[in-house]
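Hi,

Here is the model I promised to pass on.

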Amino acid sequence: MIGYNCKYAPVEILAGFAEKSILINSEAENFDYSSGKMHANMCSHAKAMLEEIHRDKIKQLLFMNCCDSARRVFDAVNYENAEFSYCIDLPSCDTGCGVVKFKDDLIKFISDYELYSGKKFDVDLFLSSFDSNKEVPKGKFVAILGARSSKSLIDVCSKCFNGIDIIDMTCANSRNVSPLEVEDNDTLDAIMLKYAKALFSQTPCMRMQNIRQREQLAENENCVGIIYSTVKFCDYYDFEYSKLKNVKTPIIRVETDFTNQSYGQLLTRIEGFAETISQFSNVKKDRNMSGKYYVGIDSGSTSTELVAVDRDKNIVKRVMVRTGANAASGAKKALEKSQLKREDIAFIVATGYGRKNIDFADDNITEITCHAKGAKHLYNDVRTIIDIGGQDSKVISVDENGNVTGFVMNDKCAAGTGRFLENMAKVLELEMKDMATVGLNYKNDLTISSMCTVFAESEVVSLIAENHSVADIVHGLNKSVGTKIKTMYSNAKDKSRVMMTGGVANNAGVVSELKKQLDTDIFIPDCPEFCGALGAALAGLER
């Protein structure tokens, strides 16, 4: 088994030696091994590759030097004395002298592998190993563009887009090499020249000088959405994304550090994006046509909210409980506390991070769509929603009908969330109700520079030791939340008529700081923490 890293790798040549090949592209549980072999600031995908090589004991490796990080992995495995590791130079010019150079390097690789393995290259095996050409679907499709796509991303996309083809055109998973047409009298040099051209005829990666094929895919009239996958600090694809933001096709960017620890948030992002393109319904049961109430349950990381509305959209019940260790039990507890009879309920919609685990719900919808529906009901003119929840923060743009036109979410760091404020309240030995107001009475304008929750806690401890007042420290924390949200707000499609939802909207200090930093008025509804559950209930009525 020979591991390779790039779609331009000559895996058909490996087949000509009767060798199987495997793409090295798995997410990592952690970077424990690679951290001892590479610099701490190295690309996370490079670390993930090294973790996979070590974990799966891949002893033979073929690298294309498609980027500096790939070369660093090659250097690391050489240092570890791999049985066979080989690096082929990948020209950025896919015509003329670039093709000739690539052809010469392929012939040299054949010669070097023959010398290493003692095997003879079999041209017939090589020619018979090509897969049939894959074409872009004739119907509607969603394109995954950008850098490496992870298994988690592909899995989530397949779940979220029912009946729509997913075309993975990222740099490694879009391998599509057409079979060669050779003549009986073709020499190895002639065959390899055709092969080099076939490798270069694939949809180009961002390393290539001519990337028009990539642009054409994004402009395809059947492309209903683009999921743009980037690996942290991958400049090639950051440049492309900055251009693609201007295309008419709906687009969402998903950035990964190539670990598999953020599946839940990834699912919310992609499912929310799918809901902005089309209303994908997950209805599992028949409606109870005799029921008179429509229930929304928002299962969050810290609390679960329930809202019930009647056929006229009047709120008849509002319940909040602690989620606890299990989303389903938290939802059941909320339903029991509401004292609603099941036969009186026409439809239940679950939302929030625990929505998939509430088996008695008739449907589940992301909190992105639900907050938009709830906000529109409470504030008809809303165009921008700032939702700060216990686990994440979102800035959602909506049109005049309350439909989501775009959204920005924080990454898997807890900074700027309700959890962040809860942790800081514990450090300061404050109740949350006091945390919400004490910062309004600050005297000195402190700045908490650390965005990370862990580092911010250390900074707060240091400020306490320096005898700063609690009011000044809380004000500094409120500022840090405002700074985090301001960055997300700057990327919103519409920055007018702002409304705030989620439990943190009850924090007067944070709201005051947000108004100041965003330089805008912010509408705060009564009980903003129930907005998601209200939207879910309204979605049930629409269903």
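First, the ground rules. This is a predicted model, so to speak of local features I needed pLDDT of at least 70, and side-chain atom pairs count only at pLDDT 80 or more, while totals for chains, interfaces and linings use all residues. Residues are numbered from 1 along each chain as its sequence is written, and side-chain values use heavy atoms, with hydrogens and water left out.

**The sheet**

There is an open sheet of 5 strands, ordered 11-10-9-12-13, with mixed pairing. Strands (E, at least two residues) and helices (H or I, at least four) are DSSP runs numbered from the N terminus, and two strands pair if DSSP finds at least two bridges between them. Strand 11 (315-322) and strand 13 (363-364) are the edges: each has a single partner strand, so one side of each lacks a neighbour in the sheet. Helix 11 (residues 327-338) packs on the sheet and touches strand 9 (293-299), strand 10, strand 11 and strand 12 (345-351). Its direction makes about 140° with that of strand 11; axes are lines fitted to C-alpha atoms, for helices over the stretch in contact, and angles run from 0 to 180 degrees between N-to-C directions. Contact here means heavy atoms within 4.5 Å.

Strand 10 (residues 303-309) pairs antiparallel with strand 11 over 7 bridges, with L306 opposite V319 and S303 opposite R322. The hairpin of these two strands has 5 residues between them, and K313 there takes a positive phi near 70°. V295 has A308 as its bridge partner. All 7 of the 7 residues of strand 10 are buried, so the strand is largely enclosed by the rest of the structure. Buried means under 20% relative accessible area, exposed over 50%, partly exposed in between (1.4 Å probe, protein chains only).

Of its 33 lining residues, T302, S303, G390, G503 and V504 are the closest to the centre. Helix 13 (418-428) gives the most to the lining, with 4 residues. On a 1 Å grid over the protein atoms alone, a pocket is an open set of points where a 1.4 Å probe fits, with protein on both sides within 12 Å along at least five of seven lines; lining residues have an atom within 4 Å of a point.

**Two buried residues**

S174 lies in the loop between strand 6 (165-168) and helix 7 (188-200), and is buried at 7% relative accessible area. Its side chain makes a polar contact of 3.2 Å with that of K7 and reaches the backbone oxygen of T170 at 2.7 Å. A polar contact is a pair of N or O atoms within 3.5 Å; within protein, one must be able to donate a hydrogen and the other to accept it, and residues adjacent in sequence count only if both atoms are side-chain atoms.

L106, in helix 4 (residues 97-117), is buried at 0% relative accessibility. Not counting residues up to four places away in sequence, L106 touches P10, I13, I88, M192, Y195, A196 and L199.

Cheers
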